[in-house]
Amino acid sequence: MTILVIAEHDNKVLAPATLNTVAAAAKIGGDIHVLVAGQGAGAVAEAAAKVAGVSKVLLADNAAYAHQLPENVAPLVAELGAGYSHILAAATSNGKNILPRVAAQLDVDQISEIVSVESADTFKRPIYAGNAIATVQSTAAVKVITVRATGFDPVAAEGGSAAVEAVAAAHDASTSSFVGEELAKSDRPELTAAKIVVSGGRGMQNGDNFKHLYALADKLGAAVGASRAAVDAGFVPNDMQVGQTGKIVAPQLYIAVGISGAIQHLAGMKDSKVIVAINKDEEAPIFQVADYGLVADLFEAVPELEKLV
Ligand SMILES: Cc1cc2nc3c(=O)[nH]c(=O)nc-3n(C[C@H](O)[C@H](O)[C@H](O)COP(=O)(O)OP(=O)(O)OC[C@H]3O[C@@H](n4cnc5c(N)ncnc54)[C@H](O)[C@@H]3O)c2cc1C
């Protein structure tokens, strides 16, 4: 059995989600190869070669792959992946953009967002926004799988010494072109990779009040997230949304401030190792999942907490 893992990267840095995906591949067992499709992505391939458990890195360095356009990357993955037992990618925007096309081109079904590996053909995945876990068995010749990073502890970024092999195949479907991107810049850790997340909800009342959370987060080295209500009200941008229709996070510590704990929010954070909730309503459902709960007015509790850190 040989498994192909699609590297998540920005042509410069190998994204941490790749390490979780390699961890899922290691649970399946067999040789693990990593495909780096990009342009000028040599440093990413070198980093992938050092990842523990990886035996080979395929580097497809071509202008067609510079922006990970799925129309171009999917045929490459399908061509290379046809000889593998499994093809895995992180369930990120990129992974979710590329892998369904790969599955279609290989004429197999896709298994989405696995959170555990039972055996080489059987996997667990959440359904109904995480309210039930389905066990899925696949008979496909090539198993095409997206991996929910929060389900797998990452493998070590160092320790491997895989060979890097160049792949010449260039697929330029010419059906889409890259126009531009605007990336949110922040000195705080990225939400899905942060060890601590402080999130605010409708209880924050407005965007300006998020300054209390930013102050606390900066002392803790944390990322700042938000509920959908806070995003919809325009308090903060929607890339901060945690939940079913936002980002899935599982940090060591999640602090929910002025968040009621609707199931759609819990779907994005309930796998956090320790959950702390601050809410003035002792009946708030967030307290049912919280390890530590503080019934208090957030405008008093958060500044006090910040002073203590
Ligand atoms: C299809 C679908 C997808 C969705 N996806 C998401 C998603 O991805 N993420 C998400 O978050 N939601 C999502 N939602 C919305 C979700 O159902 C809730 O509406 C939302 O999570 C509520 O956000 P909230 O907890 O901030 O607001 P509320 O439910 O209004 O809760 C605010 C809380 O703040 C507390 N509070 C108020 N003032 C204070 C104070 N001064 N001090 C302390 N506590 C205070 C209140 O007691 C209350 O518990 C989705 C809904 C649907 C239908």
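This is a guided tour of a predicted model, stop by stop, with what to select at each one.

The model is predicted, so local features need pLDDT of at least 70 and side-chain atom pairs count only at pLDDT 80 or more, while totals for chains, interfaces and linings use all residues. Residues are numbered from 1 along each chain as its sequence is written, and side-chain values use heavy atoms, with hydrogens and water left out.

**Stop 1: helix 3 and helix 4**

Select residues 70–81, which form helix 3, and residues 93–106, which form helix 4. Helices here are DSSP runs of H or I with at least four residues, strands are runs of E with at least two, and both are numbered from the N terminus. Two packed helices are described by the angle between their axes and the distance between the axes. The axes of helix 3 and helix 4 cross at roughly 50 degrees and come within 8 Å. Axes are lines fitted to C-alpha atoms, for helices over the stretch in contact, and angles run from 0 to 180 degrees between N-to-C directions. Helix 3 is therefore oblique to helix 4. For such angles, under 35 degrees counts as roughly parallel, over 145 as roughly antiparallel, 65 to 115 as roughly perpendicular, and the rest as oblique.

The crossing of helix 3 and helix 4 is right-handed. A crossing is right-handed if the near helix is turned clockwise from the far one by less than a right angle, and left-handed if anticlockwise. To see the contact (heavy atoms within 4.5 Å), show Pro70, Glu71, Val73, Ala74, Pro75, Val77 and Ala78 of helix 3. On the helix 4 side, show Asn97, Ile98, Arg101, Val102, Gln105 and Leu106. The residues of this contact between helix 3 and helix 4 divide into nine nonpolar, two polar and two charged. Ala, Val, Leu, Ile, Met, Phe, Trp, Tyr, Cys and Pro count as nonpolar, Asp, Glu, Lys and Arg as charged, and the others, Gly among them, as polar.

**Stop 2: alanine 103**

Stay on helix 4 and select alanine 103. Is alanine 103 buried or exposed? Alanine 103 has a relative accessible area of 3% and therefore counts as buried. Buried means under 20% relative accessible area, exposed over 50%, and partly exposed in between, with a 1.4 Å probe and protein chains only. Leaving aside neighbours within four places in sequence, alanine 103 is in contact with Val108, Asp109, Gln110 and Val144. Isoleucine 145 is 42 residues from alanine 103 along the chain, and their C-alpha atoms are separated by 8.9 Å.

**Stop 3: the loop between strand 7 and strand 8**

Next select tyrosine 128, in the loop between strand 7 (122–127) and strand 8 (132–137). Alanine 129 is found in the loop between strand 7 and strand 8 as well. Most residues other than glycine have a negative phi. Tyrosine 128, however, has a positive phi, near 50 degrees, and phi of alanine 129 is also positive, at about 55 degrees. Tyrosine 128 counts as exposed at 66% relative accessibility, whereas alanine 129 is partly exposed at 28%.

**Stop 4**

Select asparagine 209, in the loop between strand 11 (196–200) and helix 5. Asparagine 209 is buried, with a relative accessible area of 12%. Which backbone oxygen does the side chain of asparagine 209 reach? It is that of methionine 204, at 2.8 Å. This is a polar contact: a pair of N or O atoms within 3.5 Å, where within protein one must be able to donate a hydrogen and the other to accept it, and residues adjacent in sequence count only if both atoms are side-chain atoms.

Then pick phenylalanine 235, in the loop between helix 6 (228–232) and strand 13 (253–257). Phenylalanine 235 is buried at 17% relative accessible area. Beyond four places in sequence, phenylalanine 235 touches residues including Gly201, Met204, Phe210 and Ala230.

**Stop 5: helix 5 and helix 9**

Select residues 210–220 for helix 5 and residues 298–308 for helix 9. Their axes are 9 Å apart, at an angle of about 25 degrees, so helix 5 and helix 9 are roughly parallel to each other. Helix 5 passes helix 9 in a left-handed crossing. The contact includes His212, Leu213 and Lys219 of helix 5 and Phe299, Val302 and Glu306 of helix 9.

**Stop 6: asparagine 279**

Finish at asparagine 279 in strand 14 (residues 274–279). Asparagine 279 is buried, at 10% relative accessible area. The side chain of asparagine 279 reaches the backbone oxygen of isoleucine 259 at 3.1 Å.
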